[in-house]
Amino acid sequence: MSHEENDDYMASLGQAQTAEDEVDGAEGEVAAGSNESVLDGQTMPQISPNAPLEGNVSPPPTQPHLADNLHNGNTNASSNINKHASNSNSNGNVNGNDSNRSSPTKSPKRPVSSSFRIQNAQYDDEAEDLAAGEQVAGGDRQVPDYWQQRNGSTGATSGRQSRAISPGYLDNMSENSEQPPVVPLVRSKSRPEISSAAAARYNNLSYWKARRVVFYRNGDPFFPGVELRYRPGRDVTSLDNLLDKISPKMDLPRGARYVFSMDGDRKYHLDELEDGAFYVVSSFKAFKPASYGKKNGMWYASPGNQGWGSKPASRKPSIMEADLGTLSTTSGSIKRSAGRVIRIINNLDHSVQCRVLLNLRTSQPFEEVLEDLGQVLKINGAKKMYTGTGQEVRSFSQLRNEFADVDTFYLATGTALIAGSPIRRSRSRPSVVAAAPILPTEELPKVPLRGARPRSKSRPRILYAPESEILRPNGEYTMLDIMKEEPTKVTIRGLRRTFYPPVHHAPADNSPPDKKLQLQWVHGYRGIDARRNLWVLPSGELLYYVAAVAVLFDRDEDAQRHYTGHTEDIMCMDVHPSRELVASGQKAGRDRKSQAHVRIWSTESLQTLYVFGMGELDSGVTAVAFSQLNGGSYILAVDSGRESILSVWQWQWGHLLGKVATLQEGLSGAAFHPLDDNLIITHGRGHLAFWHRRKDGFFERTDIVKQPSRSHVTSVQFEPDGDVITADSDGFITIYSVDSDGAYFVRTEFEAHNKGIGCLIMLGEGTLLSGGEKDRKIAAWDSLQNYKKIADTKLPEAAGGVRTIYPQRPGRNDGNIYVGTTRNNILEGSLQRRFTQVVFGHGRQLWGLAAHPDDELYATAGHDKHVALWRKNKLIWTIQTGYECVALAFHPFGTLAAGSTEGHLLVINCENGAVMLTLRVCGSPLNCVAYNQVGDMIAMGSQNGSIYLFRVSRDGFSYKKVNKIRGSQPLTHLDWSMDGNFVQTVTIDFDLLFWDAKSLSPERSPIAMKDVKWLTNNCTVGFLVAGQWSNRYYSTTNTIVATCSRSAAHDMLASGDAEGYLRLFRYPCITPRAEFHESKVYSGMLACVRFLCGDHTLITVGGTDASLMVWDIVEE
C-alpha cells in the first residue's frame, strides 16, 4: 500500500468513528480503492469481514454470545470495551508482533486449528479471557481485537491514541456482520523457549528503548547543545563511556569530565540520566548557572530536529534566488523556472569561463542565446552546448528539467570533446551518465589548443596537457576518458573548499606507510620557564626534559635515550633518592585521555611503573617531590589549578594519604623536609608555608615568625641540621631556624645577587651554590662560616641567566657542575675555569626550518635572533643576526635566505655563517621564502598578502627586485612549480592561491592549475594532500593541519597539526580514510616539518616550546 493510500485509509477510519450514525456495512472495505496492506515488508491482499471465505482461510468456531454482547448497548459493556481497547494498545507488542501484522490476511493452507489467537485474546478458552482481565458486561466474552484494529485503536498498527468504541457504532457493526471476522493464523514459533528471567528482560520495553539526552557546555548559554541517543547497557555501559563519546563534540578545555543537571546537581551514574532531559557538561567541578538552550531570548530547538515532530527548517532564499523564481506556498522551496545561474567554459581554452544568469523564459531562440554566450567566452559562432559528461543541450527545457542539477556547461563551434575538464556527475541520474554517447573526433575543428593570438599580461596563463594525452590514436574517447575524477571537497573551519584532481597522479593507497618514525635526537633544553629540571644519573647521563619528552643524554657515547610516555608537556620532575626512578608530572590536555597526572618510570628500562593523579589533578602538576627519610615511599604533587591543591601519595600502592587546598596563586615549588616526612614546605609568589600532615590525613599550617617581604620565593634548600634556606626574586638568601616551640624565625638574611636568584644547591661539604637569573653569576657560600662568599664567576651573555645547577659527579667535591640557562642551553665547567656549551637550544619561539636539497644539512631560526646550521645531531655553527627570523630557504648552490618579522631578507653564507646581504623587502613579516628549481628567482610571501619576486644571480649572492604581486590575505606556505612559472600559497584562512610569476598576476582559476607539477608540497591544502584533513581515524575533530612536507621520492607525506601530533601518510593522501603512523611529543602547535635529503630523516620544530627533534624513518 502506498503512503497516500495508507493515509486515506486511516482518515476514513477516523471519520467512521466520529460520525457514528453514518457508519454502515461498507466501512468494512478498504478506502480509496486500496486492496492491499503491507505485512513484514511484503504486499498481502486484505479480506473484508463480509466477504465470503476463500481457499485457505478458515473461519473460527462459532461463538453465539459474541453478537449478543456486541448488540447490547449498556454502559457496562461500553466501559469494558474501552478498557479492552486501552489494554490492547499497551500490550500490542508483548508477543513481538509487527505493526503491520494486525490486519487480517490470507495464510497458506494448513490444518484448521481448534483455536485462533487475535493478539492476546483466545476464543476457545474462556478462563484465559477472565485471567487477562478483558471482559464484557457480566464477564461473558471479550470483544475481539479485530474491531479495535478496524477503529485504529491498536498502537502497533496505526501509531495513534486508543479511543473508545461507542455502543451505537457496535450496534451498526453487529447488524452488518453476521459472522465473526476472519483472523490470521498463529505463526509457529521459530525460536526455542527462553528462561523466565530472560523473558522478563526481553519483555521489558525499557531494555530496548533508546534514551535521548541533550548536553550543554558549562558556562556557555549560547551553545546549541549536543544530542546523544543511546541504549543503556548496550551502546553505553557507564558514565565514563558516555563522557568519552561526547568529549570530541563539546570542545571543552579538559574534555567532558562532570555532568550536572540544569539546576546544578552532579550526576555520578548512568542510571541518573533520564530520557528527554537536559544536562550540563563541564571539565571542572564548579557548575555555572546560565540560561542554557537560549539565544537572543529564544530557546533552541532540539539539535537536528530529528524525529521530534518538528519540520526541518528551510534556508532563507538568497536575493538572486528570490529574483529567479517564486516561493512555493506549501513547501517554501524555490521554483527554478524563471532562470538559473550556470558556469560556461570555452571548450578550446578552459581558462576562459564565466558565470552567467540565464533567463529561461526569454523569447529569444536557443541558438541565438548560444551565440551571445559564445561572445562572452570569445568564441565566434558558438553553436553547441555540452555538459561535462558529453551530452548535448538543445533547448531551454533541458536546462530547466533534464539538466537542472548540472551547473557547468561547455560551449563549442561544433561537435567537440571535453578533455581534461572537471566533471560533475549527476547523483540523481546515473543511468543518463552511463548512456552518454561516445563523441567522434572526425568533426573536430582544426584549431590548435593554444590560441594563435599573442597573450596579454593580464590574461591568466594555463598549462595544457600534451597533445598525445588529449587525442587518442584511434580517434575515439572512451567513457573512462570522458568521466574524469571528481573534485575533493574539504570543510576547514566551517568553510567548504573544493580541490580539483590532476589528470595524471599516483593512485590513492589508504594503507599506512611501510615505514614509521623513531625519535633519534632532541635538541634544546627547557629553561625558559622551568626550574629544578637538570640531574645527573648514576650512569653519568644527563637527565632533563623538553616538551613532552624526558631526555637521557650520554656525553661519553654521544647518544640519547628518550622517555615518551607523556601525552602533554612535562611541567616538573624529581629523582628518587635511589636515583633509579623518576617522577614526572604533565599538564592537562583537551581530551580525557590527556588528563594531568604523574608518572613514575625507571631510568634503566624506560618503562612506566606507576601512574596516579588521573581525575584528582585538575589543570596540571606544578611541583612533584619524593620524601627523603623513609626512602622515597611518599610523593607529593601540587595542582596548578586555582586552589593549588597539595596532595601526598603512597605511590607504590596508589593511595592518597591526604590533600589540602593551599589557596596560593603562583605557587611554584614544594619539597619534603629531609628530617621529617610529614613536614612539607611550599613556596611561590609572596608565599612560604610549612605544612604538617597528621595521621588522619589533615594538614596544619605553621606560619613563620616574619613573613617574607620578597615578592617571589624561587628556591628552597636545607642545611644538614634541618634549617631552611630560601632564595627570592630580589636577590636575597634567607635562612630560617626553628625555636623550642616549633616556630620558624629568620636567622640570617643577606643579598647575594643584584636581582633574582634562579636556584640554590647545597653540596656535601657545606658549600652553598647560588645562580642569578639576571646578573648571570654563580657564587659559592660557606655555610659553616656564616655564609661567607668563597668565589663567583659570570656566564657569557649569549648563554643567558642561571636556571639550574647540578654537580657533574654527585658525592665528589671536584667543583665541576652543569648549569641550565634561561636561553635553553646547558653548560659545563666550574668556578675556576670557563664554561663550555654542552647542549644548544633556541632561547625563544622557533618557527624557521629549511632542509638542504642535496645534503643532510638543515637550518633553524627563531625569535631569539639566532640562525643555526645542523647536520643531524651536530651543531655546525650558530650566529646572531639582530632580526627575529621565521622563514628559511636554501639556494641550490649553498647560500641560505632568511625572512624576518620586520620584512628583511638576509642572505647567509653556509660555509662560515657570515651574513652577506640584508635587504629591506617590506614592512610586514616574511612568513615563507622559497627558491625555484634552478635558483634564479626567489619568492617571498608576506603577512600583508603579497608575493615579492627577486631575480637571483652569482650563485645566490646577488638579488634584484622584479616586482610584487599584490594580495590581501596573510600567506603562510609557499611552493614553486617545476618549470618556475607559477607559485602556489596558502593563506591564514587555508585558502589555496596561485600566482603567475611570468605575467606577475594572480591566477584566478584553480581548474587551470590542477595539472601543474610542483617542486615541493609544503602547502597544507590541495587535492593530493586532502586526506590529512577531517581524517576519520583522528582522535579529535576539527583538526587544524599546521605544516606538511612531501618526500623527495613522492611516496610519503609528513603532517603536523595544531595539537602537537606528528603523522606519516602515504603520498598522495587524497581520501579521509587514509591511515597513518602517529606520534605526539609536542603540546602546542607543531610549527614546521621537513624531510632531509635521501628521505631517511625527518626534522620537526615545536614553535612556542622552541624544541627541535630529529626522527629516523625506519622500516616498520
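Modeller: A residue is called buried under 20% relative accessible area, exposed over 50%, and partly exposed in between, with a 1.4 Å probe and protein chains only. The model is predicted, so local features are given at pLDDT of at least 70 and side-chain atom pairs at pLDDT 80 or more, while totals for chains, interfaces and linings use all residues. Residues are numbered from 1 along each chain as its sequence is written, and side-chain values use heavy atoms, without hydrogens or water.

A salt bridge here is a side-chain nitrogen of Lys or Arg within 4 Å of a carboxyl oxygen of Asp or Glu. The search of the whole structure returns 31 of them. Helices (H or I, at least four residues) and strands (E, at least two) are DSSP runs, numbered from the N terminus. Two strands are taken as paired if DSSP finds at least two bridges between them.

One of the salt bridges joins D235 and R231, with 3.2 Å from N to O. D235 is partly exposed, at a relative accessible area of 33%. R231 is also partly exposed, at 28%. A network of salt bridges links R212, E227 and R229.

Another salt bridge joins D991 to R497, whose closest N and O atoms are 3.0 Å apart. This pair connects distant parts of the chain: D991 is in the loop between β61 (982–987) and β62 (992–996), R497 is in strand β18 (residues 495–499), and the two are 494 residues apart. D991 is partly exposed, with a relative accessible area of 23%, whereas R497 is buried at 8%.

D574 and R532 also form a salt bridge, with 3.0 Å between the closest N and O atoms. D574 is buried, with a relative accessible area of 4%. R532 is partly exposed, at 45% relative accessibility.

β24 pairs antiparallel with strand β25 (residues 581–586) over five bridges. Within that pairing, C572 has G585 in β25 as its bridge partner. The two strands make a hairpin with five residues between them, and R579 in the turn has a positive phi of about 60°.

Strand β22 (residues 549–554) and β23 run antiparallel and are joined by five bridges. D554 is opposite A559 in β23.

Five of its five residues are buried, so β69 is largely enclosed by the rest of the structure. Both of its faces are covered, with T1097, I1099 and V1101 buried on one side and L1098 and T1100 buried on the other.

β69 has an antiparallel partner in strand β68 (residues 1088–1091), to which four bridges join it. Here R1090 faces I1099. β68 and β69 form a hairpin with five residues between the strands, and in the turn G1094 has a positive phi of about 100°. β69 also runs antiparallel to strand β70 (residues 1108–1115), with five bridges between them. There T1100 is opposite M1109. The hairpin of β69 and β70 has six residues between its strands, and G1103 takes a positive phi near 75°.

G1060 is in the loop between β65 (1052–1057) and β66 (1061–1066), and is buried with a relative accessible area of 0%. G1060 and G1084 are 24 residues apart in sequence, with 5.2 Å between their C-alpha atoms.
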